[in-house]
Amino acid sequence: MPRILIVEDEQDLANLLTYNLSAAGFETETTHSGAAALGRAKAFKPDLVLLDLMLPDLPGSEVLRLIKEDPNLRRTAVVMVTAKGQEADRVQGLELGADDYVVKPFSVRELALRVKAVLRRMASDSEGTGVLAAGTIRLDPARHEVTVGGNEVALTALEFRLLKTLLERPGRVQTREVLLSDVWGIEAEITTRTVDTHIKRLREKLGAAGDIIETVRGVGYKLASPDRDA
Amino acid sequence: MTDRPEPRRLVFLTLGTLLPALGAGIAAGLLGGTQTGIVVALITSVVSLACALATESDVGRERRSASRSADARARGVAEERDEALLEVQTLGAAIEGMEEGMWITDAQGVVLRHNEALRTILGTEQELVGHRPLFLVRRTELHDAVLRACREGVTSTVEVSMDAPRPKTLEVHVVPLGRALPGSAAVFRDITERKRLERVRQDFVANVSHELRTPITAILGYAETLRTGALADAKHAPQMVEIIHRQSERLGELVSDLLELSRLDAGERPLAFGPVLLEMVARQASDAIEPRAAGRQLTIKRRIPADLTARADPKALEQVLLNLLDNAIKYTPEGGSVELIGERVGDQAQLSVRDTGLGIDSRHLPRLFERFYRVDRGRSREAGGTGLGLSIVRHLVQAMDGDVRVASQLGVGSTFTVVLPLWGASVAEG
C-alpha cells in the first residue's frame with residue numbers, strides 16, 4: 001500500500017485528505033508543521049508527500065528544499081498544496097523539484113487522481129529494457145542508480161526521470177514542452193524555465209559527462225548522438 | 001554649441017528670461033489635476049509659442065522698416081505679440097508651478113532647462129543643465145528613452161527606481177518636441193507612495209484570497225466527499241456536516257469583518273460623538289460576552305469610576321470592547337480572569353482589558369494590529385479568529401480620535417488599553 005505523508009496545518013483539511021486518500025487505498029500519516037515534517041518523513045518513509053505551502057512555522061518551499069536535499073528522502077515525490085493560486089509560488093515549487101501541485105480549493109477526487117498519476121510516473125522510472133548508457137553515464141532503472149565513470153551520482157526522482165527520458169531518445173531534440181509533459185506530466189501552461197533549471201542542476205551533478213546534454217537554442221535539449229560522441 | 005542663433009536657442013533664451021519671473025499661483029489654477037498629457041501639451045505650447053514670438057518679432061521689424069504706411073498692420077502685429085507673450089508667461093508659470101519635475105533637452109539629449117520641482121524629485125542640489133540623462137539619473141532605461149525621443153521621435157514612459165539614501169520610484173514620460181524643434185521633453189512624477197500602496201493592496205488581496213480559500217476548500221471538499229459516498233458512512237458523515245457548518249460560519253465571519261473594514265476604510269460608517277459613560281458601555285459589553293466566559297470558567301470584573309466620561313461613539317466603543325474581550329477569552333486558559341479597568345489620565349480617559357492569558361511575545365507587538373497578522377496561526381484558527389479583529393479595533397479607536405496600546409508578558413497575560421479624549425476636555429477644546 002503506497003504511503004502518503006500529509007503536511008497540512010488546518011486540522012479540517014488534514015482530516016479531509018486523510019479520509020479521502022485512505023478510501024482510495026493509501027496509507028496516510030499527518031503532520032501539522034513544517035519543522036515536524038522532515039522528521040515524520042524520515043520515520044514514515046512515504047512514497048509521496050502532500051505538502052501545504054503555507055505552514056505556520058516554515059515556508060513549505062523550505063520543507064520541500066530540505067526533502068530534496070536529504071539523501072534518504074530526495075526520491076520521495078512531492079505534490080504541493082497551496083491556497084495561493086499565484087504562478088510564482090507554483091513555479092518556485094516546481095523549480096525546487098516538486099512533482100506536481102494542487103491549488104485550493106481543489107476537488108478531492110482530482111487530488112487523488114493526481115497523486116496516483118505521480119506515483120505511476122515514479123513506478124515507470126524503474127521499468128524499461130535494461131541499463132541505459134551514453135558516454136560515461138550509465139542509468140540502471142531497476143536499481144534506480146546512475147553512475148558516471150563508475151561513480152554513483154545522487155539524483156532526485158525528477159532528475160532521474162529527466163535523464164532517463166533523454167537517454168531513451170538520443171540525438172532527438174526534446175522541446176521544453178515535451179519534457180514538461182513527459183517528465184513532469186503537466187501541461188506546459190506554467191513555465192518552461194523549470195526545465196532549464198533542472199537541466200542545469202542535472203548537468204552540474206553529472207560533471208564533465210553532463211556536456212552530453214546539448215542545448216538546442218530556442219527549442220529545447222537533446223542528448224548528443226553516440227556517433228558524434230565517439 | 002555653436003554661436004549661430006538657432007530657433008531652438010531663441011526659444012530657450014526667451015523661456016530663460018520668462019520662467020524665473022513667473023508666479024506659481026497661476027499654475028495651480030490652470031493645472032487643477034495635473035496629468036502628464038496636459039503637461040506635455042503645455043510644454044509643446046510654450047515652446048511653439050516662444051518660437052512664434054521670436055519669429056513674429058523679426059517679421060515685425062522687417063515690416064516696420066519696409067513700409068510706414070502699414071502702421072495699422074504693425075499695431076495688429078504688436079497686439080498679437082503681446083498676446084503671445086502673455087500666453088508664454090502663463091504657460092511658463094504653469095510649468096514652473098507644477099508638482100511634476102520637467103526637463104527639456106537638445107537633440108543630443110543634453111538638458112537645456114528644467115523646472116524647480118525636478119530638483120526636489122531627483123533629490124539633488126547639483127547643476128542639471130548641460131548634462132546628459134545618464135549622468136543625472138544613473139539608469140540606462142531613462143537615457144535610452146530620451147535618445148529614442150530625440151533620434152527616432154518615439155514617445156515613451158519609463159519607470160525608474162532610485163537607490164538610497166532616499167529610495168524612490170519615478171514615472172518619467174518622455175516626448176519628442178517635434179520636427180521643427182529638435183530635442184525632447186520629459187515629465188517626472190514621484191510614484192513611490194503609489195507603488196507602496198499597490199504592494200499593500202496586493203499583499204492584502206493575497207491574504208484575503210488565502211483566508212477565503214481555506215474554508216471554501218473544507219466546505220467543498222467535505223460536501224464532495226459526502227456526495228460521492230460518505231453520506232452512507234454513519235460514523236463520519238455527521239462530523240463532516242458539522243465541519244461544513246463550522247467552516248461556513250467562519251467564512252461568514254470573515255466576510256463580515258472584511259466588509260466592516262472596507263466600510264471603515266471608505267468612511268462609510270458615520271460616528272455619532274457624545275458623552276459616553278465608560279462603566280455603562282463596559283457593562284453592556286461584558287454582559288454580552290458573559291455566557292461565553294462562563295462556559296470557560298472565566299470571570300469578568302470591572303473597576304471603572306462611575307462618572308468617567310469619554311467623548312466617543314457608544315456603539316463603536318462597544319464593538320471595540322467586544323472584540324478585545326472576545327480575544328481575552330479566547331486566549332485565557334480556563335479558570336483565569338479578565339478585568340476591565342477605567343481611569344482618568346490627564347485629559348484622557350483610559351479603558352483597559354487585562355487578562356491572565358498566554359501573553360504575547362514582544363517581537364509580535366509592533367505588528368499586532370495589522371490585518372491578518374497572527375501570533376499563532378494555528379491557535380488563532382482553532383479559536384475561530386479571522387485575523388482582522390484588532391485591525392478593526394484600531395480603525396474604530398482612531399476614528400474616535402483615540403489610540404489603542406498593548407502591553408504583554410508571556411505566561412502572565414496581556415493588557416489592551418483604549419485611550420479616548422475625556423468628554424469635558426474635548427468640549428473645552430471644541
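Begin where the two chains meet: 19 residues of chain B are in contact with 18 residues of chain A (contact means that C-beta atoms, placed from the backbone, lie within 7 Å). The model is predicted, with pLDDT of at least 70 needed for local features and 80 or more for side-chain atom pairs, while totals for chains, interfaces and linings use all residues. Residues are numbered from 1 along each chain as its sequence is written, and chains are lettered from A and ligands numbered from 1 in the order in which they are written.

Next, select α8 (192–227), α9 (237–265) and α12 (377–382) of chain B, the elements that each give two or more residues to the side touching chain A. Helices (H or I, at least four residues) and strands (E, at least two) are DSSP runs, numbered from the N terminus. The largest share of that side, 12 residues, comes from α8(B).

Move to chain A and select its open sheet, whose five strands follow the order β2-β1-β3-β4-β5 with parallel pairing; two strands pair if DSSP finds at least two bridges between them. At the edges are β2 (27–31) and β5 (100–103) of chain A, each pairing on one side only.

Zoom in on β1 (residues 3–7) of chain A, which runs parallel to β2(A) and is joined to that strand by five bridges. Select A:Ile4 there: its bridge partner in β2(A) is A:Thr28.

Finally, select helix α3 (residues 60–69) of chain A, which lies across β1, β3 (48–52) and β4 (77–82) of chain A and runs at about 155 degrees to β3(A). Axes are lines fitted to C-alpha atoms, for helices over the stretch in contact, and angles run from 0 to 180 degrees between N-to-C directions.
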